[in-house]
Amino acid sequence: MLFKFLGVVLLLMIAAITVYYFVNNESLPQGKKGKEADELAQKMLIAINHENFKNTEILEWTFTGNHSYKWYKQENIVAVSWDKNKVILHLKNPKKSTVYVDNQKVENQKLVQKATDFFNNDSFWLIAPHKIFDAGTERSIVKHEGKEALLVTYTSGGSTPGDSYLWILDENHFPTSYKMWTSIIPIGGVSASWSDWKNTESGFQLPTKHTLSLFEMEIDMGNVKAYNEGANILANKILKAIKHESYQKTTFLEWSFREKRFFKWNKKQHIVDVSWDSIRVNLHPNHIEKSTVFIHESLQKDADETLVKRAEAIFNNDSFWLVAPHKLFDNGTIRTIKKVDGKDALHIKYTSGGSTPGDSYTWILDENFIPKSFKMYVPSMNMEGLDATWEDWITTESGTLLPKNHLVAGKTILSMGNVKGYN
């Protein structure tokens, strides 16, 4: 009687699975390959800040709390840990990999292969949007719910070649989910969310979890990180060289810009007197409505908003020429290392703040890590690598280093006047 009952239960389970399969299984859609599909893919890469991903040094995450990763991306090495095992996996040459069990070094190629399989699967759930132009991929456009979606098929590579993914994009071409046709999931068209994103230090987003349409399964990616350790170390060497700690403690800065605009900045309160011609603006950058305007030293009853905005733009520009090396870790900055004449240079991109977010600068350093010049990339002014020196550094009364002069494009002198820093 018991066996008869178990047989009925088994038949019901099989029937339920069969019904679920036929109700939910979707055929792989057919799309249009070619230039338009690649253009859509490029728009997707721009939306996810793929350039910043390419430049990232280190990524960290865990997969469902079981597999932990620290990926040195530029070196093609990843530390894979699970249970009592740790594999220092060399992605380009697995034979060079090192295996540890219970912190003891061992020879075990099966664990190397297991780490490789784990990495291929688990890293895909972290960075799949960045892999749409990998070798062996085919792209096509598919109409999905009246909108263009991107179908990516992996004809080679990874652990499961032949898999396909249909990326669903929002109006800005940012991925919000995908549908899967894979060898390890027998039901075609299972969807997974790509919506729980986290901003990373290196300037792009990573997913923190995914939810599958298959029984609402959740994949937790842990505390995801992406950062540029080498660039951060170099940036800190610059700050040490220019006495940044003293700069942080400095109360007042005074300088001029080409002897035409004059400044006295109460850095602690972030209030600055900006003077040019017959105009003086007492500027409150954090509370712009508190700013006051003087013309020929006569206080305006109602501050001229145009003059206040001009003073703010002048201050943003002219203070940058004085203190930019002290702003390497400002909010919205992305630090990467670039090679200039065979030596490490620090590239800084400002994604927010100031008057022209999106500008970037490559700092060239002397043997003591003091900036001697930078290359400017300012899209709003069509600057593409324009050179400017940073010279005649002085140690101020407050103990920090500031420059007195610049030479732009080898011909235009920018004098900072009588530079002072004091408390």
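Strand β4, residues 77–82, is mostly covered, with 5 of its 6 residues buried. Buried here means under 20% relative accessible area, exposed means over 50%, and partly exposed is in between (1.4 Å probe, protein chains only). Strands (E, at least two residues) and helices (H or I, at least four) are DSSP runs, numbered from the N terminus.

Before you start: this is a predicted model, where local features need pLDDT of at least 70, side-chain atom pairs count only at pLDDT 80 or more, and totals for chains, interfaces and linings use all residues. Residues are numbered from 1 along each chain as its sequence is written, and side-chain values use heavy atoms, with hydrogens and water left out.

**Exercise 1.** Work out which strands β4 is joined to, and how each pair runs.

*Solution.* 
- Step 1: start with the rule, by which two strands pair if DSSP finds at least two bridges between them.
- Step 2: look at β3 (residues 67–72), which runs antiparallel to β4 and is joined to it by 5 bridges. Lys70 sits opposite Ala79 of β4.
- Step 3: check the connection. β3 and β4 make a hairpin with 4 residues between them, and Asn76 in that turn has a positive phi of about 60 degrees.
- Step 4: now go to β5 (residues 85–90), also antiparallel to β4, with 6 bridges joining the two. Here Val78 faces Leu89 of β5.
- Step 5: β4 and β5 form a hairpin too, with 2 residues between them; Asp83 in the turn has a positive phi of about 50 degrees.

**Exercise 2.** Find the partner of Lys179 in a salt bridge, and say what parts the pair ties together.

*Solution.* 
- Step 1: apply the cut-off: a side-chain nitrogen of Lys or Arg within 4 Å of a carboxyl oxygen of Asp or Glu. That rule gives 13 salt bridges.
- Step 2: pick out Lys179, whose side chain meets that of Glu26 at 3.1 Å, N to O.
- Step 3: Lys179 lies in strand β11 (residues 175–181) and Glu26 in the loop between α1 (2–24) and β1 (32–33), so the pair ties together parts 153 residues apart in sequence.
- Step 4: check the cover. Lys179 is buried at 15% relative accessibility, while Glu26 is partly exposed at 32%.

**Exercise 3.** Identify the network that includes Arg280.

*Solution.* 
- Step 1: Arg280 and Asp273 meet in a salt bridge through their side chains (3.3 Å, N to O).
- Step 2: Arg280 counts as buried, at 18% relative accessibility.
- Step 3: follow the shared partners, and Asp273, Arg280 and Glu297 come out as one network of salt bridges.
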